[in-house]
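Subject: Structure handover

Hello,

Here is the structure I said I would pass on. My notes on what was found in it follow below.

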Amino acid sequence: MLFGQNFENMGGTVSGPTSNNTGVRLFWEILFDNMGRLFATSALSTIALLPAVVGIVYALSQNGALLLLLAGVLGGMIAGAAYGAMMDGIMRAIRGEMGRWWDHYREAWKRDWKANLLPGGVLGCLAAMVVDVLMVLQYGEDGVPTSILVCTIISIVLTMAVFTYLWPQRVLLDLPLRYIFRNSLLMILAHPLVTLLSVVVQLCYWVLLALLIPYSLIVYVLLGLWFPAVVGTMIVYKKLDADFKIEERLNAALRTPREEDEEEAMEIQRQEW
């Protein structure tokens, strides 16, 4: 069923880990087995995004630059906490990890909400500035200088590239944010084509939504925040796993002492042979 029979399970499939499918087939497998759960987490993230939207709109109506930045930062912090919890569920779905959806979601909120405030605030601040530039471009009498427009586009692409790598690390790896940010920059330099593909896919989604307003609201209700996050992360996940040994680290963390003893005994036996 499209929305799954067991809503509380949050994994690659509702019955077990993801299969050996890759690419588009893996995407459809994740989509059909997690549609309801992805929809729910995206809806909760959208609700958390409303303070930022309302604050930015109000600041624009008052022509207050400082108020605009304040609304972006504070609203972004609230949205960042919810978005991080959503990304936790998305990473579990991509990895095919089983578990109770609501328990994992609450655990992600409780564990990571403080750590997600800063990246959320940065994103909110940047989003507020981009919205301001777009409003001037659309309604301003003098328009926007070409240099500022080019810098804005470059900033959007670079920000999306950094956060494409930042959010998965934030929810999967226990690292300080400065190291995660540095790793994200290194990943961009190491894998430029994969990064560009991920950014282009996400950017096309948001540009189409913006151009087709208000009709795109129907699309957003269905795809919301989860769709670009899932597709963008799936594109770069193999590179992330290869560089940071994510699967190896998480599997090692889940091993019991008994399993570790058995593996050690097998290794000793192999050395003796």
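Contact here means heavy atoms within 4.5 Å. On that basis, residues 24 or more positions apart account for 74% of the contacts in the chain with a separation of 6 or more. Please keep in mind that this is a predicted model.

Overall make-up

The chain has ten helices and zero strands. From the N terminus on, the order of elements is therefore written α-α-α-α-α-α-α-α-α-α. There are 273 residues in the chain, and buried ones make up 40% of them.

The nonpolar cores

The largest nonpolar core holds 39 residues, and the members that touch the most others in it are Met87, Ile90, Leu172 and Ile246. Two or more residues of this core come from each of helix H1 (23-62), helix H2 (65-95), H4, H5, helix H8 (226-244) and helix H9 (246-254). Another core, of five residues, lies apart from it; Ala59, Leu68, Ala71 and Ala128 are among its members.

What does isoleucine 246 contact, leaving aside its neighbours within four places in sequence? The list is Leu172, Leu173, Tyr237, Leu240 and Asp241. Of these, Leu172 is also named with Ile246 among the core residues that touch the most other members.

The H4 and H5 pair

Two packed helices are described by the angle between their axes and the distance between the axes. For helix H4 (residues 146-172) and helix H5 (residues 177-190), the axes come within 9 Å and cross at roughly 125°. The crossing in which H4 passes H5 is right-handed.

On the H4 side, the residues that meet H5 are Leu158, Ala161, Val162, Tyr165, Leu166, Gln169 and Arg170. Their partners in H5 are Leu177, Ile180, Phe181, Asn183, Ser184, Leu185, Met187 and Ile188. Sorted by class, this contact has eleven nonpolar, three polar and one charged residues.

Leucine 67

Leucine 67 sits in helix H2. Is leucine 67 buried or partly exposed? Its relative accessible area is 33%, so leucine 67 counts as partly exposed. Not counting residues up to four places away in sequence, leucine 67 touches Tyr58 and Ala59; Ala59 is also one of the residues in the core of five. Glycine 55 is twelve residues from leucine 67 in sequence, and their C-alpha atoms are 8.3 Å apart in space.

Regards

Notes: Residues numbered from 1 in each chain as written. Predicted model: local features only at pLDDT ≥ 70, side-chain atom pairs only at ≥ 80, totals over all residues. Heavy atoms only, no water. Axes fitted to C-alpha atoms, helices over the stretch in contact; angles between N-to-C directions. Helix = DSSP H or I, 4+ residues; strand = E, 2+ residues; numbered from the N terminus. Left-handed = near helix turned anticlockwise from the far one by under 90°. Nonpolar A, V, L, I, M, F, W, Y, C, P; charged D, E, K, R; others polar. Core = buried A, V, L, I, M, F, W, Y, C linked by side-chain atoms within 4.5 Å. Buried < 20%, exposed > 50% of the residue type's maximum accessible area, 1.4 Å probe, protein only.
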